[in-house]
Amino acid sequence: MGKKYNNQLQNFTFPIRGMTCASCVARVEKSILALKGVRGANVNLASENAHVVYDPALVEPRNIRKTVEDLGYTVPLDSGGKGKITVSIGGMTCAACVSRVEKGLRALEGVSAAQVNLATEKATLSYRPEKVGKIEIRKTIEDLGYEVRGFEEEISADREAKARRLEVRVQKRKFFISAVLSAAIFFGSMPEWFPWWPAPLQNHFFLFLLTTPVQFWAGWQFYRGFWLALKHRTSDMNTLIAVGTSAAYSYSTVVTLYPQAFHGSGLPTGVYFDTSAMIITLVLLGKLLEAMAKGQTSSAIRRLMGLQARTARVIRNGDELDIPVDEVRKGDWVIIRPGEKIAVDGIVREGSSAVDESMLTGESIPVEKRPGDPVMGGTINKTGSFRFEATKVGKETALAQIIRLVEEAQGSKAPIQRLADRVASVFVPAVISIALITFAVWMVFGPQPAFTLALLNFVAVLIIACPCALGLATPTAIMVGTGRGAENGILFKGGESLENIHRVNTILFDKTGTLTHGKPTVTDLIAGKGFDEDQVLTWAASAEKGSEHPLGEAIVRAAEERGLEPGTAEGFEALPGLGIKARVEGETILLGNLRLMEEKGINLNGLEAKMEHLANEGKTPMVVARNHSAAGIVAVADTLKPNSREALEALQKMGLEVYLVTGDNERTGKAVAAQLGIKKVLAEVLPWEKGKQVKNLQEEGKIVAMVGDGINDAPALAQADVGIAIGTGTDVAMESSDITLITGDLRAVAAAIQLGRRTIRTIRQNLFWAFFYNVLGIPVAAGILYPFWGILLNPMIASAAMAMSSVSVVSNSLRLRRFRPKI
């Protein structure tokens with residue numbers, strides 16, 4: 001009986017990127033057909049399109065798209081009538097800015113989603129081009145008070161890098177000038193501490209002249225941010241800085257220019273220019289460090305782009321032509337010679353070779369390529385020559401997909417909402433309200449001189465509630481924590497890394513180059529009956545002498561370490577996918593896998609079981625045969641780093657769930673995991689699927705850290721809540737990560753998590769003390785004790801209390817300098 005179709009069935013055709021073979025097609029079709037409401041699905045590999053017949057009452061196109069994306073393939077956003085655009089934005093300083101921009105963009109008709117990334121200073125929008133365009137998007141951002149540097153298609157990586165360098169230069173100039181002026185102000189404000197400082201330079205008017213440029217030139221960006229926040233009826237760190245420093249500066253200016261206004265109160269007329277100047281200088285230092293860290297973000301993308309070949313040699317009309325890689329078309333035959341970079345993705349048609357794919361896969365051992373095997377653009381041919389047919393060009397190549405994945409993962413990672421900003425949004429308006437109420441109450445009900453007392457109490461409330469401690473609570477702890485991390489070989493890209501890592505409960509380790517050395521070595525040497533180990537190794541090394549293959553180099557190196565002298569090989573012949581053949585001192589030597597031995601009819605002399613045992617341990621065993629008889633086995637493996645197991649045991653004791661991620665088969669992956677004491681293995685994971693594995697765990701509610709070292713790890717490092725790169729790996733991996741370990745010692749991963757937890761604990765303590773001083777001091781500053789004991793809080797005492805809160809916060813942060821990893 002045939003299927004009964006609903007009259008309301010609809011058709012949906014959309015492109016799919018990332019499919020490479022017939023099994024991909026079958027996998028996609030099977031998953032789509034499994035959806036309730038789907039009546040038919042046809043996926044075409046050649047056109048990279050899927051045609052689906054579905055019942056809209058049971059399933060929607062977005063569900064179909066998500067199913068395909070969950071399989072690890074890409075469905076371009078414009079496939080559903082939507083466009084996607086990225087815009088570079090300047091002038092954002094904190095999470096509140098991010099929130100304002102996102103809220104403004106999402107309010108536009110036609111914008112379905114907007115994500116703003118503070119670290120990359122970019123906004124990514126999903127929108128309907130027929131309803132909203134670049135003009136409206138630009139106007140919305142500019143109306144919010146921020147700068148539009150350009151849209152993705154308009155702004156080059158160089159132009160964006162130039163804008164970042166300019167920002168660093170501006171922040172650096174402001175910091176150094178304000179630091180010099182603040183030092184002079186500080187010395188002049190503390191004559192009892194620095195009696196040697198010239199008396200004329202202690203004059204209040206001279207301090208006023210020095211402080212004014214710091215306040216309004218160096219600190220202008222905070223006033224601008226404060227004004228923008230005020231316009232949108234919110235508050236942020238700019239509000240804290242502007243209100244706090246302005247209170248100290250304004251009071252000091254009034255005392256300096258109109259001292260007689262305070263004489264009637266009988267209170268001393270001290271000034272607090274050093275307070276406002278030093279706060280602005282320290283915050284500028286933080287902004288400078290932040291700008292320098294953010295400048296590294298786009299470097300990762302530029303280095304990935306640097307892997308792309310510039311030209312390709314193709315065959316057209318029987319002629320060999322060197323053309324720009326952008327002009328290579330699908331179906332072109334491309335010629336590759338030894339040492340050349342492969343231009344685009346394709347299928348080998350003629351010839352054979354070994355290809356170094358480490359820059360994409362992270363696997364150090366070159367991959368043998370024969371007719372029918374795939375090759376990837378950006379990888380490097382090692383020894384032979386071959387011709388391949390281009391199957392994916394431009395943005396469809398594996399390298400282009402990795403670049404896109406890094407960009408999207410970085411763009412979608414929302415910056416953590418800073419605790420100080422959240423608190424400030426309530427705290428600052430409340431304090432200002434209390435100060436205003438205090439002024440009004442004293443003006444109406446206070447004794448004479450009412451105005452002077454009202455002003456003094458108003459200033460006292462603002463100064464004792466000065467958010468200096470609140471503003472210093474986070475940055476001082478982060479500065480000391482990151483500094484201590486650097487001393488222990490741990491480089492944090494910024495404060496967000498410290499804030500995120502303390503929440504991590506799941507950690508993924510890439511195998512090659514992270515847990516292992518990334519370089520094969522001889523691990524086992526087994527001699528057959530009638531032979532000795534030195535003989536077996538000498539024959540193998542003689543056959544491999546002069547080889548550029550990492551396995552051959554490992555065998556030759558092992559022979560040299562034993563003091564053996566390899567002989568001269570003649571008639572060397574590489575047997576792709578099998579091994580090698582050569583004549584050494586008149587005898588035929590074969591070195592290769594079991595398949596080679598079977599093809600050549602070699603008697604294994606009972607070595608089969610040992611071969612299987614070595615393979616089960618995750619090693620690469622090779623039989624050495626002499627004159628049609630097996631002489632022994634040489635096993636090669638990428639060995640584990642010395643402290644890997646110790647590091648992973650420490651992480652598991654800390655309560656973290658540890659995973660091993662590898663492209664190896666499940667048997668090899670489990671063998672390595674057993675050596676490390678890891679129970680969870682994600683095996684046969686392709687390079688571009690690592691980010692998907694991270695995302696799957698995140699969707700389960702886990703807070704995920706990823707540890708890796710290769711370019712192929714970059715998307716996963718960017719997708720993870722915290723990306724940790726090994727410093728011995730590639731620069732791209734390090735710059736896509738949140739944390740870089742300078743050495744390959746994995747015990748530093750546990751140290752980084754311990755330091756993150758300790759730093760966040762310190763920040764919370766700092767915030768508590770900051771609030772304790774404010775909550776206790778504000779009522780006193782407002783004059784609550786005056787009706788009972790006639791006590792008013794002198795602004796100088798208020799300033800001292802504020803200073804105490806700042807000192808306690810900084811002192812508590814400095815305790816992090818004594819941090820020692822417990823491992």
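Reply: Start at the hairpin of β23 and β24. Two residues lie between its strands, and N627 there takes a positive phi near 50°. The model is predicted, so local features need pLDDT of at least 70 and side-chain atom pairs count only at pLDDT 80 or more, while totals for chains, interfaces and linings use all residues. Residues are numbered from 1 along each chain as its sequence is written, and side-chain values use heavy atoms, with hydrogens and water left out.

Helices (H or I, at least four residues) and strands (E, at least two) are DSSP runs, numbered from the N terminus. Two strands pair if DSSP finds at least two bridges between them. β23 and β24 are antiparallel partners, with seven bridges. One of the bridges links R626 to S629 of β24.

β23 also pairs with β22. Strand β22 covers residues 587–592 and runs antiparallel to β23, joined by four bridges. Here L590 stands opposite A625 of β23. Strand β23 itself spans residues 620–626 and is mostly covered, with five of its seven residues buried. Buried means under 20% relative accessible area, exposed over 50%, and partly exposed in between (1.4 Å probe, protein chains only).

β24 leads on to a helix. Helix α24 spans residues 666–676, and its buried residues are T668, G669, A671, V672, A673 and L676. In general, an α-helix has 3.6 residues a turn, so residues three or four places apart point the same way. The buried residues of α24 pack against several elements, including β24 (629–640), α23 (644–653) and β25 (657–661). Others on that list are α18 (511–515), α22 (608–616) and β26 (680–682). Just after α24, G677 has a positive phi of about 80°.

For comparison, take another sheet. It is open, has three strands in the order β1-β3-β2, and its pairing is antiparallel. Its edge strands, β1 (10–15) and β2 (38–44), each pair on one side only. Neighbouring strands are turned by 15° against each other on average, direction ignored. Six bridges join β1 to strand β3 (residues 49–54) in the antiparallel sense. F12 stands opposite V52 of β3. Helix α2 (residues 61–70) lies across β1 and β3, at about 35° to β1. Axes are lines fitted to C-alpha atoms, for helices over the stretch in contact, and angles run from 0 to 180 degrees between N-to-C directions.

A helix pair comes next. Helix α6 (residues 204–218) and helix α7 (residues 220–231) pack at about 45°, their axes 4 Å apart. The two are therefore oblique to each other. Angles under 35 degrees count as roughly parallel, over 145 as roughly antiparallel, 65 to 115 as roughly perpendicular, and the rest as oblique. Q215, F216, W217 and A218 of α6 meet W220, Q221, F222 and Y223 of α7. Contact means heavy atoms within 4.5 Å.

Finally, the whole chain. Its secondary structure comes to 30 helices and 29 strands. Of its 823 residues, 52% are buried. Among contacts with a separation of 6 or more, 67% join residues 24 or more positions apart.
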